[in-house]
Every structure is written in structure tokens, then in C-alpha cells.
Amino acid sequence: MILSALITSVAINLGLCFLFFTLYSILRKQPGNITVYAPRLVAEGKVKEGGHFNLERLLPTAGWVRKAWEPSEEEFLSNSGLDAFVFMRIFIFSLKAFAVGGVIGMFVLLPINYMGTQLSDDSDFQHKSLDSFSISNVNNGSNRLWVHFSAAYIFTGIVCYLLYYEYWYISSKRIAYFYSSKPQPHQFTLLVRGIPVPPGSTCHDTVEHFFLEYHPSTYLSHSVVRRSSKLQSLVNDADKLYKRLTHLKQKNDTPKRHKRDGCLGLFGRKVDIVDHYERRLGDIEDNVRMEQSSLEAKEVRAAFVSFKTRFGAAIALHIQESVNPTEWITEKAPEPDDVYWPFFTVSFVKRWISKLVVFVACTSITILFLIPVAIVQGLTHLEQLETWFPFLRGILRLSIVSQVITGYLPSLILQLFLSFVPPIMIMFSSMQGYISWSQIQKSACTKVLWFTIWNIFFANVLSGSALYRVNVFLEPKEIPRILADAVPSQASFFIAYVVTSGWTTIASELFRLTTLICNLISRTFGKNSDDDFEPPAIPYHSEIPRILLFGLLGVTYFILAPLILPFLLIYFCLGYIIFRNQLLKVYVAKYETGGEFWPTVHNSTIFSLVLMHIIAIGIFGLKKLPLASILTIPLPILTLLFSEYCQKRFFPIFKDYPAECLIKKDRADQNEHNMSEFYDKLANAYNDPALMPIKYSERSDSLRSPLLHSSE
């Protein structure tokens, strides 16, 4: 790619970002869009719909930036939770690392690369190849390569120091967050699977007898799990219908009560919508009661078991309960609202088989994704396109067309294909028997991360000749040479990818185009957007891998093509402000893991550093500087030793809270006067919501009585 093609891509994406920012600053002030751009504030009752028209609403302003910047870290933590706090620390860590790396790269390494003469390029400046700014342009055997060698050591030291500090800082916040929290049901509860039920007995009686026998001083209560996936869909329908009915009665808008009951309210007969909803709600209620009566005997060999203390629950968690390790399997219980009931897999064998099936499915998806990668790589080489489509040769040779195709189109196509991956990985993770949304998202996050690293980085880097010489990887000593030969040549593609996928995607996150269109359609066709209104949760499983991929690109290309660093810094700056705004106004925390995503961030960064070192070993060898290659070998070893130390020092805190913290918190609870009330709630906290008795009041009073009541 030539410099003018990169400038074209930057100009297009800067224009799109400016357009998104301008439209957002206008549309967010319109009364009808309040549930699009501030759904969290609406749900919390901090803002209300309505307002009168004035000219100021049509003027773009940047006041949202100041409001997003104002809250301190402690205010943000108390407002958005520890997971959101850790998510923002990824941006802070990246900004610190690449700010230092950017100074070294742009003011030291880039001039050295540009002054090299290894690549003969006599074009004027705007038509120069981006390879002229990479390490490929440094002369073979040049002593200037020792500057790159020193930069690799310095940058590695800086990143490792920042990683240690962040791990320490976040782990201390995790402990402080635990101490400041009120008693939570999941802190006292375990999930027990593989319960061996004797003939003639029930799962309920077996669990009660076992824990009274072996944990008599700490056992409190339990809730047996039942299969209720069909019933859950009925209850969800009833809940949505009741919300609509409540909303209609609150507005008390008589003219709008009469609508057609067909598609989009355009077809069918006219009905009183309130009476129509009440009749449907009564029918669903009858169906739910019939289904509930048939589920009473459908016990699953799993139960949520609650204890009187956190320490008592921890002991039961970490001690093998049975001689047979496939029976009485214990794991930490999620928060009650985090439990994922539909796919409640309990059999040890079924869980093992499902994991194998998902592994095969993920591998298949990864292989199939090589097809769009090949298409994208074809677009980056115009001569290859001319060979495939000779009738387009005249158009492809136009300057503006070639710049758009090579500088903008490949990254856009790759991003479109990649957008389908996170939902697929969520589906795969839900099939593996995880019983909480947080576990499903953490599993999907890992899958999306490694899928992204392989298909976006390695598949693009190794496309072409290296892809057809896979057998070379059977000799590990050849890997540094292959990567050193392939990675620098793809620098221009990844610079364009950061601009296209990074800048535009982060700006579109602020604009929320899909949600805006859905809101517009709902209002246009008379359906109130508040009928099913619920503020969204941030999709960590798709956002964290995207950020970590850009981190990998920055670390890997630090010494190879430092021109990528300023574009990455712009991305992380935009991401910090935009996601801070979104977490304060749009997203709500549907669950809280206590910052358990950070170890994934740490491991991914260590992988990026080691990858940079392996490429550096190969590149110094290709550049006829064998001594530098040899002296670089200790660098990945030292990095892995550092990572192992961090794993021993900090990771146990993210896996489980230490006994010291649990006992201190339990002792503090003894002074709380409302613990007996908490224990009463704990006994019913993990009852399946679908099995709760439905109590529907008289229709004239249905607005004031809840649809669902828990059992006493």
C-alpha cells in the first residue's frame, strides 16, 4: 500500500467519525431518542421523556465529553461496578504503554527505518510504499538495528511494569470491593451437580441428608433444580405482556388504545388493546399453571446449597465431597439474576461431550473463516485482482479506485464478516453447560479472542506462499524466520485495519445506529418503544477481544512498523471517552464478576510480548545481525518467568477470595442486626423464577399488583 492510499483511508474514516459525533450530539438531545442514548438513566429515573422544541436541540455540542470525563475513579466504580471499572483500566493501561512506545517508535525508530536504503523506492513522498517506514527498509547488517534491539528490551520492561502495577491495583480494588459489599446470596451458596439419588428417594431429601450429615454446623438450606426451559419462555412472554399492559394504563391515552391486532398494527381487526392484552395474559397464566403442575416431579440431579457463612461455603467448595469425583461436584454459584436456566446441563458425561462438540464446531468455523480472509488479501493486491477479473483492469487502474480498494475496502469486508463471530461464540458457550451469563460471556470472550488473533492476525500474515507451506511449522526453529519474513509485509494492511475497524467501530458504538433505526421504526408504526424497554448490558465478549487485538498489533509492530502507533493511540483515546460515556448512560451491569476479566487481559498481553520477541529473533537473523538474535532469546524467557510470578502472586485472588477476607467479612456480619432477614431471603434466592406461582389480580386492579409472586 502506498502512502496516498493510507491517507485516503484516514480521510474517509475521519469523515465518518466526525459525522457520527455530530449526529450523536444532535440526536441525543431529541426527546424521542432518550431511550436510545440514555436508557440507563431512564431506567434509574434520572431523566424523563418529553420536552419542548427549541433551536438549541439542533446544534451539535461536545458537552457529553465533559460529563463523561468528570466522574472520578471512585465515583465511576460505585456507579458502574468493578467489571466496568476493569474494562476501562484496559484503555488506561493501553494508553500508558503505547504513549511511551509511541514516543520511542515515532521519534527514534521511524526515522531510522525511513533513512534506510534496503528497499529501492524512488517515488515521491505521497506515492512511497508504507514499507519504507518499516524495519524492512533498514540495511542488512546495519548497526542501527541495535537501536531496535534496545527498544525491544526497554518496551518489554515498561509493559511488564505496567502489567504488574495494574494486576496489583485491580486485585486491591477487588478485595476492597468485597469488603464494602453487602451480604450477597452467591457468596454463601454453591451449585452441587451429580447428586446420586438412591432408589425410592428424591433429590431434595438426598441433598438435605448429605449436608446435614457432613456439614451440620454450616449448612442452611438448598433449592433443587428442575427442567423448565419450555415454562421459562411462557413466563417471559407473560412478563413482557404485563409490562406493556402496565405502560398503557399509566399513560391512560384512550385514543391510542384502539389498534389493529395484526402485523405492525397495520392489519387485522380493531380492538381495545388493553382488553386484548388482559385476555392474552389470562390465557398465558392458565398455560403456565398447567406446565408448572407437570414439572413438580422433574427434578434434575443438581441443587443450589446455601451455608450460614462464606467460609463454610468455601470449605465445601474446595473439599472433594465424595469418593467418586464425578458425584457431588461443587462449583461457585452465580448471582441469582445471573443464573442461565435454559441449558442446565448436569450430567458429567454430557458436559464433556458438549465441550468436545463445541471444540469441533469452533475449529470448523475458524477454518471456514479463511475464505473471507483470502478474499480480503486478494483486494490488497491489485495485480491479483486484475488476473481474476481482467475486464475490470481499466477501472482498477484509476487512482481513486485503487486507493479505496487497497486502503479501505479490505478492512471493511473483514469487519463485516467478523461481526457474526461473537453471537456464534455465545451460542457455542451456552451449549457447554455453563449455568450463568457471566460464565458464558467469559468463555465466549476467550473463544472470540483466540479466533480473532488467529483469523485476523495469523491468517492474514501467513496468507499467500507461507499458507501453502504449513509443513514448515513442523520444525519449530523455522517459526521465527517465517514470521519475520511474513509479518512486516502486512504492516500496511493492519494500519488500515486499525483506522477502518478501530476508529469507525468505536464511533458507531456512540451513535448506536441499529438501536436508533429500531426506535425510529417503532415510533413510525405506532408501537411505543418503551413496551419492551430494558437497558442493555455491555457485550464484554466482543469488546474485550477487539481491544486486545489492537493491543497485540501495537506490541507486535512496535519495532517493525512504528507508524501504526499514533493510529492506535487515537483509537484508545476515543475508546476511553466513548465507553466511559456509554457505561454511565447506556449500559447497566446485569452481573458482577469482581473483575475476573483482567487475567485474560494479562495473558493476552504476555502472549503479544512473546510473539514480538519471536519475530524480533527472526528479523535480526534475516537482517544479518545474528548476535542481536542470540541476545534477544533471554527476553521471552524472562517475560514468561515474570508472567508466572504474577500468576502465583495475583491470580489466586481472582479465582477465590482468601480465608482471611472471608472470615473477616463473616465476623463483621455477626454485628449486623438484619442477618436473620437475609437468611430468610437466601432460602428462596435460587428458586427457579419459572416455577414461582403466578398470581394475577382482578383486571381492574392489575396495575397495582405484580404478575409474579415468589413462594412463601
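**Before we start.** Lys 442 is partly exposed, with a relative accessible area of 24%; buried means under 20%, exposed over 50%, and partly exposed in between (1.4 Å probe, protein chains only). This is a predicted model, in which local features need pLDDT of at least 70, side-chain atom pairs count only at pLDDT 80 or more, and totals for chains, interfaces and linings use all residues. Residues are numbered from 1 along each chain as its sequence is written, and side-chain values use heavy atoms, with hydrogens and water left out.

**Exercise 1.** Find the salt-bridge partner of Lys 442 and say what the pair ties together.

*Solution.* 
- Step 1: A salt bridge needs a side-chain nitrogen of Lys or Arg within 4 Å of a carboxyl oxygen of Asp or Glu.
- Step 2: Lys 442 meets Glu 596 in this way, at 2.4 Å from N to O.
- Step 3: Lys 442 sits in helix α19 (residues 437-461) and Glu 596 in the loop between α24 (564-585) and α25 (598-622), so the pair ties together parts that are 154 residues apart in sequence. Helices here are DSSP runs (H or I, at least four residues), numbered from the N terminus.
- Step 4: Glu 596 is buried, at 19% relative accessible area.

**Exercise 2.** Locate the salt bridge between Lys 648 and Glu 644.

*Solution.* 
- Step 1: Their side chains meet at 3.6 Å, N to O.
- Step 2: Both residues belong to helix α27 (residues 634-649), 4 residues apart, about one turn of the helix.
- Step 3: Lys 648 is exposed at 61%, while Glu 644 is partly exposed at 41%.

**Exercise 3.** How many salt bridges does a search of the whole structure find?

*Solution.* The search gives 18.

Definitions and conventions:
Helices (H or I, at least four residues) and strands (E, at least two) are DSSP runs, numbered from the N terminus.
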